[in-house]
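I opened this structure to look up a few side-chain contacts and the pocket. The notes below are in the order in which I looked.

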Amino acid sequence: MVTVKLFGTLRIDSGVKELRLEAGSIRELVPLVCREIRRQRPDCAVGEKDFRACLAAVNGVRVSPRAKLRDGDVVSFFPAAAGG
């Protein structure tokens, strides 16, 4: 099980600060996070597209979407602060 922490607009828009989910990679985790957000907040529009523009970190280290996850990891998602 991994702990997922949402920051910035992801947290504000979803109303979700933290989740605990089972996943083997970041790529596998994102749809699970979206599904859980929708389960908790059916009116929330946060989706996988929002996560594609995010920086992902595992245990405080930036990772790619292909990064593998292990039990006990903490995954943080940080959305872009400004467009460009």
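This is a predicted model: local features need pLDDT of at least 70, side-chain atom pairs count only at pLDDT 80 or more; totals for chains, interfaces and linings use all residues.

Phe78 is partly exposed, at a relative accessible area of 33%. I then searched the whole structure for aromatic pairs and got 2. In one of them the ring centres of Phe7 and Phe78 lie 4.6 Å apart with the planes at 15°, so I logged the pair as stacked; the cut-off for that label is under 30 degrees. I checked where the two rings sit in the chain. Phe78 belongs to strand S5 (residues 74-78), while Phe7 is in the loop between strand S1 (2-6) and helix H1 (8-14). The two residues are 71 apart, and the pair links distant parts of the chain. Phe7 is also partly exposed, with a relative accessible area of 27%.

Arg11 lies over the face of Phe7, 5.1 Å from the ring centre.

I looked up the accessibility of both. Phe51 has 5% relative accessibility and counts as buried. Phe77 is buried at 2%. The label buried applies under 20% relative accessible area.

**The largest pocket.** Phe51 came up again when I turned to the largest pocket, where Phe51 is among the residues nearest the centre, together with Ile26, Val30, Arg52 and Pro65. The lining has 14 residues in total. I noted the space in the largest pocket as about 230 Å³. Which elements give two or more residues to the lining? They are helix H2 (26-40), helix H3 (48-52), strand S3 (55-58) and strand S4 (61-63). I sorted the lining by class and wrote down 9 nonpolar, 4 charged and 1 polar.

**Salt bridges.** I ran a search of the whole structure for salt bridges and found 2. The side chains of Glu36 and Arg39 form one of them, at 2.6 Å from N to O. I checked the spacing: both residues are in helix H2 and 3 residues apart, so about one helical turn separates them.

Arg41 is partly exposed, with a relative accessible area of 29%. Asp43 is exposed, with a relative accessible area of 62%.

**Backbone at Asn59.** I went through the phi angles next. Most residues other than glycine have a negative phi. Asn59 is not a glycine, yet its phi is positive, at about 55°. I placed Asn59 in the loop between S3 and S4. Asn59 is partly exposed, at a relative accessible area of 46%.

- Gly24 and Leu69 are 45 residues apart in sequence, and their C-alpha atoms are 5.0 Å apart in space. Gly24 lies in the loop between strand S2 (18-21) and H2, and counts as partly exposed at 28% relative accessibility.
- Leu10 and Asp50 are 40 residues apart along the chain, with 7.9 Å between the C-alpha atoms. Leu10 is in helix H1 and is buried, with a relative accessible area of 4%.
- Pro31 and Gly47 are 16 residues apart in sequence and 8.1 Å apart in space, C-alpha to C-alpha. I found Pro31 in helix H2, partly exposed with a relative accessible area of 22%.

Note on methods: Residues are numbered from 1 along each chain as its sequence is written. Side-chain values use heavy atoms; hydrogens and water are left out. On a 1 Å grid over the protein atoms alone, a cavity is a set of points where a 1.4 Å probe fits but cannot get out, and a pocket is an open set with protein on both sides within 12 Å along at least five of seven lines; lining residues have an atom within 4 Å of a point. Grid points are joined across faces, edges and corners, and a volume is the space filled by probe spheres set on the points. Helices (H or I, at least four residues) and strands (E, at least two) are DSSP runs, numbered from the N terminus. Ala, Val, Leu, Ile, Met, Phe, Trp, Tyr, Cys and Pro count as nonpolar, Asp, Glu, Lys and Arg as charged, and the others, Gly among them, as polar. Rings of Phe, Tyr and Trp (its six-membered ring) pair if their centres lie within 6.5 Å; planes under 30 degrees apart count as stacked, over 60 as edge-to-face and the rest as tilted. Buried means under 20% relative accessible area, exposed over 50%, partly exposed in between (1.4 Å probe, protein chains only). A charge sits over a ring if NZ of Lys or CZ of Arg is within 6 Å of the ring centre and within 35 degrees of the ring normal. A salt bridge is a side-chain nitrogen of Lys or Arg within 4 Å of a carboxyl oxygen of Asp or Glu.
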